[in-house]
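Try each task before you read its solution.

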Amino acid sequence: QISDKPLKDLSHLMNEPQKFALIKLDKVRGNACVSRREIISSFKKEDKAKIIEKYKVGDIIKMENNQFVAADLLLLSSSEPNGLTYIETAELDGETNLKVRQALPETQELGENDKQLATFGARVYCEAPNNRLNKFDGTLKWDGATYALDNEKILLRGCILRNTKWCYGMVVFAGKDTKLMMNSGKATFKRTNIDKLINKLIIGV
């Protein structure tokens with residue numbers, strides 16, 4: 001039976017010396033996220049901010065073509081061959097050309113099978129939240145096997161799904177911990193060496 005209870009806060013399990021965050025999708029309570037899976041499908045009817053607030057680490061959500069990615073996700077499976085997923089990252093880096101992400105072959109086999117996704121249990125060991133958009137280091141431990149994770153298997157908050165009928169992902173970072181939000185601080189202005197020199201001369205005068 002699917003539970004609506006949120007997953008337990010596991011922040012206390014963080015390995016401080018290595019600055020690694022442990023994200024656990026427990027086999028017993030891992031299906032707690034499944035009841036939220038269709039939230040993303042009702043984007044047109046609900047306020048985006050309210051939907052984003054509902055996501056918790058470990059949730060498994062379904063996305064459909066042209067929908068906004070509302071959390072940093074580990075891509076599990078997609079409608080496209082070989083687990084390929086196409087995204088637009090203009091809101092993150094200003095680039096309008098489509099980028100490709102690919103699910104692990106092992107998780108791609110989950111497809112859109114709700115029963116298998118509901119019982120999906122895994123541990124993700126990854127870097128602590130940071131603002132590096134082009135880098136992700138982690139491992140997935142599932143059914144006694146370990147798989148390397150990198151940026152090519154991650155869908156970042158702010159991306160838009162393109163040319164992909166559907167995909168499933170597991171929330172790795174949500175809310176203020178997403179890379180988009182970690183980059184939303186004060187803007188830094190680039191100045192040339194000449195500008196810096198002129199400023200010093202003005203101050204001297």
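**Exercise 1. Find the ring that lies under the charged end of Lys 141.**

Solution. Start at Lys 141 and follow its side chain to the charged end. That end sits over the ring of Tyr 125, 5.0 Å from the ring centre. The test: NZ of Lys or CZ of Arg must be within 6 Å of the ring centre and within 35 degrees of the ring normal.

Before going on, note the ground rules. This is a predicted model, where local features need pLDDT of at least 70, side-chain atom pairs count only at pLDDT 80 or more, and totals for chains, interfaces and linings use all residues. Residues are numbered from 1 along each chain as its sequence is written, and side-chain values use heavy atoms, leaving out hydrogens and water.

**Exercise 2. Describe the aromatic pair of Trp 166 and Tyr 168.**

Solution. First, the count: the structure holds two aromatic pairs. Trp 166 and Tyr 168 form one that is edge-to-face, with 5.7 Å between centres and 65° between planes. Rings of Phe, Tyr and Trp (its six-membered ring) pair if their centres lie within 6.5 Å; planes under 30 degrees apart are stacked, over 60 edge-to-face, and the rest tilted. Last, check cover: both Trp 166 and Tyr 168 are buried. Buried means under 20% relative accessible area, exposed over 50%, and partly exposed in between (1.4 Å probe, protein chains only).

**Exercise 3. Examine the salt bridges, and say how exposed their partners are.**

Solution. The structure holds eight salt bridges (a side-chain nitrogen of Lys or Arg within 4 Å of a carboxyl oxygen of Asp or Glu).

- Glu 95 meets Lys 99 at 2.8 Å, N to O. Glu 95 is partly exposed because its relative accessibility is 36%. Lys 99 is buried, at 18%. Asp 93 joins Glu 95 and Lys 99 in a network of salt bridges.
- Arg 132 meets Glu 127 at 3.2 Å, N to O. Arg 132 is partly exposed, at 40%. Glu 127 is buried, at 6%.
- Asp 137 bridges to Lys 135, with the closest N and O atoms 3.8 Å apart. Asp 137 is partly exposed at 35%, and Lys 135 is partly exposed at 41%.
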